[in-house]
Structures are given as C-alpha cells and as structure tokens.
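Biologist: I have the model open and would like to go through a single part of it slowly. Please pick one, take a close look and tell me how the rest of the chain is arranged around it.

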Amino acid sequence: MHIDDRLRYLKEMGITEWSLRSAAQDLAPSVTPSAEAHQVISNQEPKVYWLFYGQAPGGDQERLFQNIILALGLLPKEWEWRSLSNTQAPNTQLPCVAFAFGEPAAQALSGEQEPLSQLRDVVLEIVGQDIPLIASFDLAHCLSRPKDKALLWQDLLLARSVLQSL
C-alpha cells in the first residue's frame, strides 16, 4: 500500500497525526466536550443504569474503559464503578445491569466458582440481589490480548440486550 493511501485512510478515520504509542503515551489529548455539548449531555435524562465491578482501572485500562463508556453512549448519570464490597442495589428506578471485569469479580458477585470461560455468555445474578450480572475479561487481560476485546464487546452487547429486555 502506498504511503498516500495510508494517509488518506487515516484521515478518513479522523486520525490527523500518527505517532508511536510509546512516544505519545502521556501526550494524548484529553477529550473535553464543548460547553454547548456538555449542556446537551447534562440535560438528558438517564434511561438505564450500569454497575461496573473489577479492579479499578488506571493508565491504559482507564483509557479502554472510557472508550467503552463512549462506545456504549452512556451518560455520566447512567453508570458507576464499584468495589466488590459494594453490592447493595443502586438508588434508582432505572433498569440496571451489573458488569464484572475479570474472573475474581464475577465469582465474588455471583457466588459461582466456575472459571470465567463458563461464566461468560450467561446472564448471572448478584448474590442476594435481583440485578442481572454479565461476566467478562479483565481490562488488563484485553490490553495484553487484543483479540479478546471483540469477546469483551460481545459481553457488553449481551448486557445491553439484557437491559433492553427489562
């Protein structure tokens, strides 16, 4: 592929400047919505509620998680990150789903002892709560095995379909 073709494809994807990740790791621009866009977002009423559980993300894991939130189109009032010790029902009347990142989180929340491979693709429930739970890979796992991001996305779509059926 010719370099001009590559540059054209990158431009079509909205990538105007290309650099190596290692060189630009700390130079990534933060996405700051305009005041007008922020006003529109803050005026929208939440329609669903997501509870995310797992090891608190940081660095590249945090970036991946924020990209997940953006891809799902969630408003700030439609989700929260929780520690495994916080399994109480959220204070909302909205349809709610819990999403466990990693085997330890999935096992602790569901009370199941099976490996993650058997907990994925199944709608579980948080022990003692009437909240559906979807188990998936830990964010660090997805960063070290990029092919599994597609499976993570399938799990997120399962969670979204569960929410739509509530």
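Modeller: Let's take strand β1, residues 49–53, which is mostly covered: five of its five residues are buried. Buried here means under 20% relative accessible area, exposed means over 50%, and partly exposed is in between, with a 1.4 Å probe and protein chains only. Please keep in mind that this is a predicted model, so local features need pLDDT of at least 70 and side-chain atom pairs count only at pLDDT 80 or more, while totals for chains, interfaces and linings use all residues. Residues are numbered from 1 along each chain as its sequence is written, and side-chain values use heavy atoms, with hydrogens and water left out. Helices (H or I, at least four residues) and strands (E, at least two) are DSSP runs, numbered from the N terminus.

In a regular strand the side chains alternate between the two faces of the sheet. In β1, Y49, L51 and Y53 point one way while W50 and F52 point the other, and all are buried.

Now for the partners of the strand. Two strands pair if DSSP finds at least two bridges between them. β1 runs parallel to β3, with five bridges joining them; Y49, for instance, has C96 of β3 as its bridge partner. β1 also pairs in the parallel sense with strand β2 (residues 79–82), over four bridges, and there Y53 stands opposite R82. With α4 in the path, β1, α4 and β2 make a right-handed β-α-β unit: with the strands pointing away from the viewer, the path from the first strand over the helix to the second runs clockwise.

Next, follow W50 and F52. They belong to one aromatic cluster together with F65, W79, W81, F99 and F101. Rings of Phe, Tyr and Trp (its six-membered ring) pair if their centres lie within 6.5 Å; planes under 30 degrees apart count as stacked, over 60 as edge-to-face and the rest as tilted. By this rule the count comes to ten aromatic pairs. One of them is F65 with F101, edge-to-face at 6.1 Å centre to centre and 80° between the planes. This pair links distant parts of the chain, as F65 sits in helix α4 (residues 60–72) and F101 in strand β3 (residues 96–101), 36 residues apart. Both F65 and F101 are buried.

Of its 37 residues, W50, F52, I68, F99, F101 and L156 touch the most other members. Elements giving two or more residues to this core include β1, α4, β3 and α8 (149–165), and the largest share, six residues, comes from β3. Leaving aside neighbours within four places in sequence, L156 is in contact (heavy atoms within 4.5 Å) with W50, F52, I68, L72 and F99.

Of its 166 residues, 34% are buried. Among contacts between residues at least 6 apart in sequence, 69% join residues at least 24 apart.

Terms used: A nonpolar core is a set of buried Ala, Val, Leu, Ile, Met, Phe, Trp, Tyr and Cys residues joined through side-chain atoms within 4.5 Å.
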